[in-house]
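Subject: Structure for you to look at

Hi,

Here is the structure I promised to send over. Could you open it alongside this note and follow along?

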Amino acid sequence: MIMRFIHKLGSPPYFYQFSGRLLPWLSGICLILFAYGLYGGLVLAPTDYQQGDSFRIIYIHVPAAWLSLFVYMVMAFSGAVALIWRIKITEIILINSAHIGAAFTFLALITGSIWGKPMWGTWWVWDARLTSELLLLFLYLGIIALYSAIDDKRKAARAVAILALVGVVNIPIIHYSVEWWSTLHQGPTVTKFDKPSIDTRMLIPLLVMAFAYKFLYAIVVLLRARNDVLWRERRSQWVTALFDGSK
Amino acid sequence: MLQAFLVILQRDLILAIRHRAELMNPVLFFVLVVVLFPLGVGAEISILQKIAPGIIWIAALLSALLSLDRIFRTDMEDGSLEQMLISAQPMSLLILAKIIAHWMITGLPVVLVGPLLALFLGLSTEGIETLFITLLLGTPILSAIGSVGVALTVGLRRGGVILSLLVLPLYVPVLIFASQAVDASAAGFATTAPVAMLSALLLLALSLTPWAASSALKMSVS
C-alpha cells in the first residue's frame, strides 16, 4: 500500500497533481507556525539578562543553521534513492534543494555574523560552528557548480547524487575536525560564550520557528520541483493537456 | 585480480617515468609556493617557524590539486578508461591502483621534499619528524579524495575550477589534523591523537573512495 503510493509519487504527472493538492495545506500550516513563532520569539519571550534584546536574532539564525544541515540530509537521502532506483522525482528534489540549502546556509552565516558583532565585538570569529557552516556553504556551491556544468541533466543529477553522498560522509568529519581545530587554537574565548540553559518561554518559539522553516523549505522545494517537472516533461502529453485545458 | 591491480600500477608508473618533465611539475610547484611565503610575510624566522606547518601543508594541498587531473584525464582521452570499465576486473580495484600510482608520482616527492623545506623555515627537529609522518599519512588521502572529484569532472571541458571547489572543502580535515600534529610536536606535546585521526582518515579514504570514484566514472563515461 505504502510502496504503491511511493511508486505512484515517482511518476511526474501524479507528483505534479499530488504536490498541487498538498501545497495549500503546507502554506497554511507554515503561515500559522511563522506567525506564532515570530510573535512568541520577538514579543512574548522574555529579554535575556545578558544579551538584552539582541538575542532575538536566534529565532532567525538557529533555525536557518538547523535547516542548512537538514536540507543536506534530504539531498543525500534523495541522492541515494535516485542512484538506486533511478526515480526522476528524487533527482529533481535533490538538485532543487541545493539552491535552497545554500540560501539558508548563507542566511545562517549572515545572521551569525550580525549577532556576533554586538556579542563578540567583531563581524567574524573563526569559531568552530561558523567555520563548519562556511565549509557547508562551499559544499553546496560545489554541488550547484557541478550540476550546471554538465549539460545532460540526467547525468548531472547522478553526478550530484554521488557528490552529495560523498559529502554526507564527510560532513561529520569536517564538523568535528573544525571543532577540534578551533578549541585547540583559540582556547576559551568562544567556548566561554556558552548559551545559557534556555528558558522554556524562549525555547518553544524557537522550536516552532524550526518547524516553520522546515515547512517553508518543503513549500519552496515543491514549487521549484513542480516547475522543473513541467519543464523536463514539456514535450509529453500530460503537460500539453494540462495547459490546453487551462487556456 | 591482484595481477590486474599490479598491471595498472606498473603501467601508470611507466607512463609517468616516460614523461619526466611532467613528473617534476607538482613538486616544483610545491617548492615554489613554500618559497613565496617568506617573500610575502617577511623573513622573520619566529613568524615562519610558527606558520611553517600550515604553509607546507597548504602547498602540499595545492600541488596535489594541480596534478589531480591526470589520474583519469589522459586515460579518458585515449580510451583506455573505457577499456578498464568494460573489463572483467572490478573497477574500484583498478582505481585503487591508479590512486596509489598517482600518489607515488606526485605525493611521494612532496613527502621527501617537505621536511627539507621545513628546515629552511626553521621548524624544530621534532616538528620535522612529525611533518614527515603526517605527509606520509596525509598525501595518499589527497590522492584518494581527489580521485572522486576527478571522476566526477573528467567528462567536462573546463573541469579544473569546479574540481577545486569540490575537493578543497573535503581536504579540510587532513589539513587540520596534520598541521595540528606538527604544531603540537614542535611545542613538545604528544601527537598521538591527530596522527591516529590521520591514519583513520587514510584507511577510510582508501576503502571508500575507489568505490565512489568508480560509480562516478561510470556516470562520466556513459
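Below is what was found in it, chain by chain.

First, the ground rules. This is a predicted model, in which local features need pLDDT of at least 70 and side-chain atom pairs count only at pLDDT 80 or more, while totals for chains, interfaces and linings use all residues. Residues are numbered from 1 along each chain as its sequence is written, chains are lettered from A and ligands numbered from 1 in the order in which they are written, and side-chain values use heavy atoms, with hydrogens and water left out.

Chain A

Chain A has nine helices and zero strands; here helices (H or I, at least four residues) and strands (E, at least two) are DSSP runs, numbered from the N terminus. Along its principal axes, the C-alpha atoms of chain A fill a box of roughly 60 × 40 × 35 Å. Of its 247 residues, 48% count as buried, where buried means under 20% relative accessible area, exposed over 50%, and partly exposed in between (1.4 Å probe, protein chains only).

One residue to look at here is Arg86(A), in the loop between helix H3 (58-85) and helix H4 (88-120) of chain A. Its phi is near 55°, a positive value in a residue other than glycine. Most residues other than glycine have a negative phi. Arg86(A) counts as partly exposed, at 44% relative accessibility.

Chain B: helix packing

Helix H3 (residues 45-68) of chain B packs against two helices discussed here. With helix H8 (residues 160-186) of chain B, the axes come within 9 Å and cross at roughly 150°. Axes are lines fitted to C-alpha atoms, for helices over the stretch in contact, and angles run from 0 to 180 degrees between N-to-C directions. H3(B) and H8(B) are therefore roughly antiparallel, the term for angles over 145 degrees. Residues making this contact include Trp57(B) and Leu61(B) of H3(B) and Tyr171(B) and Val174(B) of H8(B). By class, the contact has 14 nonpolar, three polar and two charged residues. Ala, Val, Leu, Ile, Met, Phe, Trp, Tyr, Cys and Pro count as nonpolar, Asp, Glu, Lys and Arg as charged, and the others, Gly among them, as polar.

The axes of helix H2 (residues 20-41) of chain B and H3(B) also come within 9 Å, crossing at roughly 145°. Among the residues in contact are Phe29(B) and Phe30(B) of H2(B) and Ile55(B) and Ile56(B) of H3(B). This contact divides into 16 nonpolar, two polar and no charged residues.

Chain B: helix H4

Arg73(B) is found in helix H4 of chain B and is buried, with a relative accessible area of 18%. Leaving aside neighbours within four places in sequence, Arg73(B) is in contact with Thr153(B), Val154(B) and Leu156(B).

Met76(B) lies in helix H4 (residues 73-78) of chain B too, but is partly exposed at 25%. Not counting residues up to four places away, Met76(B) touches Leu81(B), Val154(B), Gly155(B), Ser220(B) and Val221(B). The C-alpha atoms of Met76(B) and Val221(B) are separated by 8.1 Å, although these residues are 145 apart along the chain.

Best wishes

How values were computed:
Angles under 35 degrees count as roughly parallel, over 145 as roughly antiparallel, 65 to 115 as roughly perpendicular and the rest as oblique. Contact means heavy atoms within 4.5 Å.
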